[in-house]
Amino acid sequence: MLEKFQELNISEEIIRALNDMGFEEPTPIQAESIPVALAGKDMIGQAQTGTGKTAAYGIPVLEKIMAAPATKDIQTVILSPTRELAVQVAEEINHLAQHTSIQALPIYGGQDMERQLRRLRKCPQIIVATPGRLIDHMKRGTIQLSHISTIVLDEADEMLNMGFIDDIKLIMGATPETRQTLLFSATMPKPIQELAENFLHDPQIIRMKAKEVTMELIEQSYIEVPDRQKFDILCRLLDLQEPDLAIIFVRTKRRVDEVSEALKKRGYSAEGIHGDLTQAKRDTVIRQFRERTIDILVATDVAARGLDISGVTHVFNYDLPQDPESYVHRVGRTGRAGQTGEATTFVIPREMEHLRTIERLIKRSIKRRKAPTLSEALEGAQQAAIRNLIVTTEEADFAMYKSNAEELLSNFDSVSLVAAAIKLLTKEPDTTPVKITEEAPLRVSRSRRREGGRKDHRSGDRREGGRREFRPRRKDHEGDSRRSQRNEGSRDRRHENGDKNRKKVHKEPNRSVFKPYFKD
DNA sequence: AAAAAAT
């Protein structure tokens, strides 16, 4: 079954590991990348996560280390944008390396330094690091990159979005000129191209076509719903769809806390994860979710990328994501490894335009769906009760109840009895009150605004008819029009003598370079 | 305007 891997000239130790891991044949990105990377060439791989990317660079990296003379130096550095991803990548590489003596060690912030140093003393050949902590080690002299032979930049576009560009340059600068560089990125914006030009030697570019990478097996829909109703609708959907594992993405850390608390209050097995939690807590939550101790994960975009958790059947965008890119990554947490998945996005009415922007950029329309009504939810709960009843009946493990049942049947008709049983088993939707703070709606995305010309977009927004009602409601509605007239006046005055303010506004960094681009 | 990452 593994011939195709064998044809790629992979050593027997790794073939055995692939067999243990249940891999049968190379994914497209693996088939293309492995020979190139094995030949020692620099490479740019444009691929989303979930395409077998880790093994695509992990296998050649391991082969190269096995072929090289043994030393105590670190041989390979893999850079990762988030801590969770670093842990996951190190684990996967250790799986691939299980029949060799090669060790991969994750190096990331928030973890006990002493413990990390102890593990470093065991001379791992591969480290998988987040940039900040790696630089910390470099400055302390506890990690030297002067002898590495390979560096991998994983999720390069995301590291860039997170402002790691200077860190990456610093790290690259500390590595030898002779190193091999493998760069992976879902998108190829300008700064990544520049990075590649500066640091890669004659790279081979491998691009996966969009349709090979994404989301054919994911049923995508959206529901237009006011913010206040989101939570109840979410609970109804959870009850109706009964996900095995679900991830709920929200826009802020605060909402992670509130939504996960609220879910727990209503009896769901949920935990939240975001960047302000201690690293120990983050690690625990991810582990619980992987082990299915909890079945709902409420997360910010910290969990949007790269995390590969098998069996996620449902993704909910409780809040619309800011970037179309983020939408793709969030939704891609389900439908992995050939499984089907369902992705439901909540859109508040005034964010509909934002949704259209996302649809345009992902070149795909998202199906509109109605929120389940209360009576549908009740019907769903009844169906669940019936399924329960049928399962119990089929298990036929109730001999001790039978004499009572017979007696009941001599006094009541059978239909009434079964109906009563269904009624008792039906779990009425929980309406425990919960508090979730309302978020300000998203504004139309940057790219959209730029279309209208940059200089005037502020005043342009004000003139637009519908725009005014987008502002938060004040208590005195009548004063509204008069107030806006007054504002007009004060704005003019600012224009005359407040040049400094205006300049500041226009000096905001031009983020157009981060605009994701999706090619077909 | 938010999130991520070094303490």
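User: When rings of Phe, Tyr and Trp pair if their centres lie within 6.5 Å, how many aromatic pairs does the count come to?

Analyst: This is a predicted model, and the pairing rule rests on the distance between ring centres, with a limit of 6.5 Å. By this rule, the number of aromatic pairs is two.

User: How are the planes of Tyr-57 and Phe-184 arranged in their aromatic pair?

Analyst: The ring centres of Tyr-57 and Phe-184 lie 5.3 Å apart, with 50° between the planes. Planes under 30 degrees apart count as stacked and those over 60 as edge-to-face, while the rest count as tilted, and the pair of Tyr-57 and Phe-184 is therefore tilted.

User: How many residues apart in sequence are the parts that this pair of Tyr-57 and Phe-184 ties together?

Analyst: Tyr-57 belongs to helix α4, which covers residues 53-67, whereas Phe-184 belongs to strand β6, which covers residues 180-185. The pair therefore ties together parts whose separation in sequence is 127 residues.

User: Is Tyr-57 buried or exposed?

Analyst: A residue counts as buried when its relative accessible area is under 20%. Tyr-57 has a relative accessibility of 0%, so Tyr-57 counts as buried.

User: Which strand holds Phe-346, the partner of Tyr-318?

Analyst: The rings of Tyr-318 and Phe-346 have their centres 5.8 Å apart and their planes at 55°, so this pair is tilted. Tyr-318 lies in the loop between β12 and α15, and the pair ties together parts that are 28 residues apart in sequence. Phe-346, for its part, lies in residues 341-347, which form strand β13.

Note on methods
Residues are numbered from 1 along each chain as its sequence is written. Chains are lettered from A and ligands numbered from 1 in the order in which they are written. This is a predicted model: local features need pLDDT of at least 70, side-chain atom pairs count only at pLDDT 80 or more; totals for chains, interfaces and linings use all residues. Side-chain values use heavy atoms; hydrogens and water are left out. Rings of Phe, Tyr and Trp (its six-membered ring) pair if their centres lie within 6.5 Å; planes under 30 degrees apart count as stacked, over 60 as edge-to-face and the rest as tilted. Helices (H or I, at least four residues) and strands (E, at least two) are DSSP runs, numbered from the N terminus. Buried means under 20% relative accessible area, exposed over 50%, partly exposed in between (1.4 Å probe, protein chains only).
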